[in-house]
Amino acid sequence: SDTKTMSETLKKCYVHLTNTSRSFAAVIQAIDDVALRHATCIFYLVLRALDTVEDDMTIPNSIKIPMLKSFHKNLLDKNWKYMDSKEKDKLVLEDFPTISYEFRQLKPVYQQVISDICQQMGAGMTVFFERDLITLAEWDEYCHYVAGLVGIGLSKLFSASKQEDEIVGKDTYLSNRMGLFLQKTNIIRDYLEDQLEGRAFWPRAVWGKYASELGDLAKEENVDKSVQCLNELITNALELIPDCIKYMSRLKDQSVFNFCAIPQVMAIGTLERCYNNSKVFKGVVKIRKGEAVKMMMGSTNLEQVKAIMSHFTSQILRRIPANDPTANRTREVCRQALDVC
Ligand SMILES: O=C(O)CO[C@@H](C(=O)O)[C@@H](OCCCCCc1ccc2ccccc2c1)C(=O)NCCCCCc1ccc2ccccc2c1
Ligand SMILES: [Mg+2]
Ligand SMILES: [Mg+2]
């Protein structure tokens, strides 16, 4: 329906969205308010382009650092593009003029939010090129830069579009926590893929208790220690559930709720599949498609989301190994999640 009235450049943006995101394209396209839908689509593509630079290990830091710090300026340069990317999503960099053109057609309030978040994310991404990711506080800091800021920006778009109350955009703490839950889940799940590509996002203060090198966690002879390390990081992620439930309890628009809730229930499903699972160190553990569809169909209101959160949290609670060093903390965090669900 919408595509009849859409410009050719905006149509191309939705093609890029579909091509670069398995998990977000559908929920973004399902946003009812057309101005918010377009702003969210462009927001995704701008940050996906930025992240494609961050992820590209063939770009030397001497080039990458200034490129990330100045990336937001490209939004106002109608010819800017980058043709040397080796990444899977390189097309968003090669066709950036199409994306930046549509960015400049958005309402000024949306442009301001997207540009501000892009600038903060780009600068934040460079912080951990210059120092290692050691403490859990630094794990939160990195996840804030790459995902918490997305939540903060999205929440401002929701409020600016009047689809959600002012408080949603104002409460940056809860918006940040929503992004942390998704990013920590991704980092936990993607251990081996990141390891093989020379990226390291597991905090050294944690893995250093179980191995002398991060790569040692992938060695078969260390499997018991590796799984204990995995369980400690999953426990840290589970702490975020109460704040995510509180954020979602404020949402009024059905399509915005679905957009926020579906990635959250996929994340808890992923954490449950990863818990105490040595396969995380052998490949990427994905939830089954059928299970994912069932959850997506059943995540349209808060009670359903609470039921899914408590289902998977209970599944973890009932299989905490008695001898796991984090066992007591995991039980406590699962009970705190179950109390709010
Ligand atoms: O390269 C990959 O395939 C994965 O990259 C990961 C990485 O490099 O760590 C990593 O890249 C992070 C930097 C780019 C973030 C791009 C993004 C994602 C979703 C969006 C949704 C709507 C609008 C804009 C969005 C922007 C990644 O994609 N991680 C997935 C978790 C980040 C999700 C952020 C997010 C999404 C939806 C939210 C809804 C509500 C509240 C907070 C939210 C927070
Ligand atoms: Mg990245
Ligand atoms: Mg990435």
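## Basis

The model is predicted: local features need pLDDT of at least 70, side-chain atom pairs count only at pLDDT 80 or more, and totals for chains, interfaces and linings use all residues. Residues are numbered from 1 along each chain as its sequence is written, chains are lettered from A and ligands numbered from 1 in the order in which they are written, and side-chain values use heavy atoms, with hydrogens and water left out.

## The shell around ligand 1

Ligand 1 is surrounded by 22 residues (a residue is near a molecule if one of its heavy atoms lies within 4 Å of it). Arg 48, Asp 51, Asp 55, Lys 88 and Gln 183 are the closest. By class, the shell has 13 nonpolar, five polar and four charged residues. Here Ala, Val, Leu, Ile, Met, Phe, Trp, Tyr, Cys and Pro count as nonpolar, Asp, Glu, Lys and Arg as charged, and the others, Gly among them, as polar.

Four helices each supply at least two shell residues: H3 (34-55), H8 (136-160), H10 (172-189) and H15 (254-274). Helices are DSSP runs (H or I, at least four residues), numbered from the N terminus. H3 gives the largest share, seven residues.

## Polar contacts and cover

A polar contact is a pair of N or O atoms within 3.5 Å. The side chain of Arg 48 places an N or O atom 2.8 Å from an oxygen atom of ligand 1. For the side chain of Asp 51, the distance to a ligand oxygen atom is 3.0 Å. Ligand 1 on its own has 830 Å² of accessible area, and the protein covers 92% of that (Shrake-Rupley method, 1.4 Å probe).

## Cavities

The structure holds two cavities of 30 Å³ or more. A cavity is a set of points, on a 1 Å grid over the protein atoms alone, where a 1.4 Å probe fits but cannot get out; lining residues have an atom within 4 Å of a point. A volume is the space filled by probe spheres set on the points.

The largest cavity holds about 40 Å³ of space. Its lining includes Leu 217, Glu 220, Phe 281 and Lys 282. That lining has four nonpolar, one polar and three charged residues.

The second largest cavity also holds about 40 Å³. Among its lining residues are Ile 187, Tyr 191, Arg 199 and Trp 202. Helix H11 (residues 191-196) gives the largest share, three residues. By class, the lining divides into six nonpolar, one polar and two charged.

Note on methods:
Polar contact = N/O pair within 3.5 Å; in protein donor to acceptor, adjacent residues only side chain to side chain. 1 Å grid on protein atoms, 1.4 Å probe; cavity = no way out; pocket = protein on both sides within 12 Å on 5 of 7 lines; lining within 4 Å.
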